[in-house]
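Subject: Handing over the structure

Dear colleague,

I am passing on the structure that we spoke about, and I would be glad if you kept it open while you read the notes that follow it.

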Amino acid sequence: MKRVVSLYLPNWSTDRLRRMTGDAAPRADSPLVVVGRDGSRRIVTADPAAAALGVRVGMPAAKAQALAAGLEIRDADPAGDGEALERLALWILQRVAPIVAADHPDGIVIDTTGADHLHGGEAAMLDGLVGRLAMSGVAARAAVADTWGAAHALARFAADPTMIASPSHGPSVVSTLPIEALRLPSGMPAALRVLGFERIGELIAQPRAPLELRFGPELGRRLDQAVGRTAEPIEPIRPAELSEVRRAFAEPIAAAETIARYVGKLVEALCIDLEKKGQGTRRLDLICQRVDSRAQAIRVGMAKPVRDAKRLRRLLCDKIETIDPGFGIDTLTLCATIAEPLEVRQAATSLVEEAEPDIADLIDTLANRVGERALYRAAPVASDVPERSVRRVPALAPETGANWPDAWPRPARLLLPPESVETIALLPDHPPVSFTWRGVRRRVRRADGPERVFGEWWKRDAELAAIRDYFRVEDEAGERYWLYRAGDGENEATGSHRWFIHGVFG
């Protein structure tokens, strides 16, 4: 099932100006509007920062200045906005999905078919995308639907800030939206409203011939695109420096074996191009253009730059089964979405040195099956608080030489968050005699401790007096656990004196 994300940037012009640095940047504390020309008139085209002062889109610039004291006015720069939008589309291309395009003047369209699971599902993908943009000072709304037209309409008229339409939703998902959501030419929505049409559903229910006779074929085309009767291909953004190879077929292909054979040829050609540039690829996209103008895409990622044709071919062919060729594929495009410098190294021989084991191939295979986020390595962090002393890093991240202190052993498995247990213990310094965890009572046979851990007072005031006393305990079955008491056992200001289990030793 095809799934399309529309990303709407309602304040794109002003957000871009706000993110400027230097003398060109507007003052941070001043209301800001962008104005353009409508014939000989200068009118407001973007006004999010001044909306609270009564400034509205379409208002004459002179009236806006009279309404808002200290209003800062900038001339519209469609070319600059468009270039920035293209750069944002390229950023999304490298991180989200293989098929991304700018939806001028204020949006991005993304074909996420088969790519959402790599980001934790559609909801997590949209939340992460909108959140990353918000952290960069860009307001965004996003919606996912089966068609570009439906996603575009939902992002602008229903998302708050995200919306996910159920797969195979049909026309009902857009029927209640206003007719302005159809991406119609300027003036057509007003003409339709004169005839009494308010919602898209009202247009869908009408006979098509009278509407096309009066408004032309554009209205019917937009309706069909929104409900999925007509395909609307997305032409993905392709920067000039991108390494890309393409193969068109006189006769469409559909068999998996045929696709795999031509994928191998494309990979070899791409590796030759990468070798000329001294690069290796870390992200590879295969786009299959079908005869019905729909596209199927495969994306594979690598932990390190790679230029090995055999390895890249295998990674791509492992995902060929996810391609739905439909009535056939007439064009295959292979591009290195992320390419980095790759130095040629002489292979080590056992005569002079031992070859280092290379598990990059295994890491790439697993990561492309379960997702990059599901594959990681634990790395130490300088902190005495156990849950803060570890972080996730990529599986092949370089070693920093840091390690955990070995004065006190740490369990192989930490529980996050620590789970409450009921104990029998003599305060303040004695370990528990027994404890009950997950409904099972365990009698302690051996114990060691306490190891006192103080709160990190420089991070927040609540940890100024916080104390934990940790004990390693072993039950009668030989199982070993890591328990701690919140507080020093005497002063209530140091903690609640409740007991928790924080880990299990191997």
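I begin with a contact between two helices, in which Arg311, Arg314 and Leu315 of H11 meet Ala360, Asp361, Asp364, Thr365 and Asn368 of H12, where contact means heavy atoms within 4.5 Å. The residues of this contact divide into two nonpolar, two polar and four charged; here Ala, Val, Leu, Ile, Met, Phe, Trp, Tyr, Cys and Pro count as nonpolar, Asp, Glu, Lys and Arg as charged, and the others, Gly among them, as polar.

Please keep in mind that this is a predicted model, in which local features need pLDDT of at least 70 and side-chain atom pairs count only at pLDDT 80 or more, while totals for chains, interfaces and linings use all residues. Residues are numbered from 1 along each chain as its sequence is written, and side-chain values use heavy atoms, with hydrogens and water left out. Helices (H or I, at least four residues) and strands (E, at least two) are DSSP runs, numbered from the N terminus.

How do the two helices lie against each other? Helix H11 (residues 309-317) and helix H12 (residues 360-370) pack at an angle of about 20°, with their axes 10 Å apart, the axes being lines fitted to C-alpha atoms over the stretch in contact, and the angles running from 0 to 180 degrees between N-to-C directions. That makes H11 roughly parallel to H12, a term kept for angles under 35 degrees.

Turning to the strands, two of them pair if DSSP finds at least two bridges between them. Strands S3, S2 and S4 form an open sheet of three strands, in the order S3-S2-S4 and with mixed pairing, and its edge strands are S3 (41-46) and S4 (72-75), each of which pairs on one side only. Strand S2 (residues 32-38) pairs with S3 in the antiparallel sense over five bridges, and Arg41 in S3 is the bridge partner of Asp38.

Which strand is mostly covered? It is strand S10 (residues 279-290), where nine of the twelve residues are buried, that is, under 20% relative accessible area with a 1.4 Å probe and protein chains only. S10 pairs in the antiparallel sense with strand S12 (residues 329-341) over eleven bridges, and also with strand S11 (residues 295-306) over eight bridges. S10 and S11 form a hairpin with four residues between them, and Ser293 in the turn has a positive phi of about 70°.

With best wishes

Methods: Parallel < 35°, antiparallel > 145°, perpendicular 65-115°, else oblique. Buried < 20%, exposed > 50% of the residue type's maximum accessible area, 1.4 Å probe, protein only.
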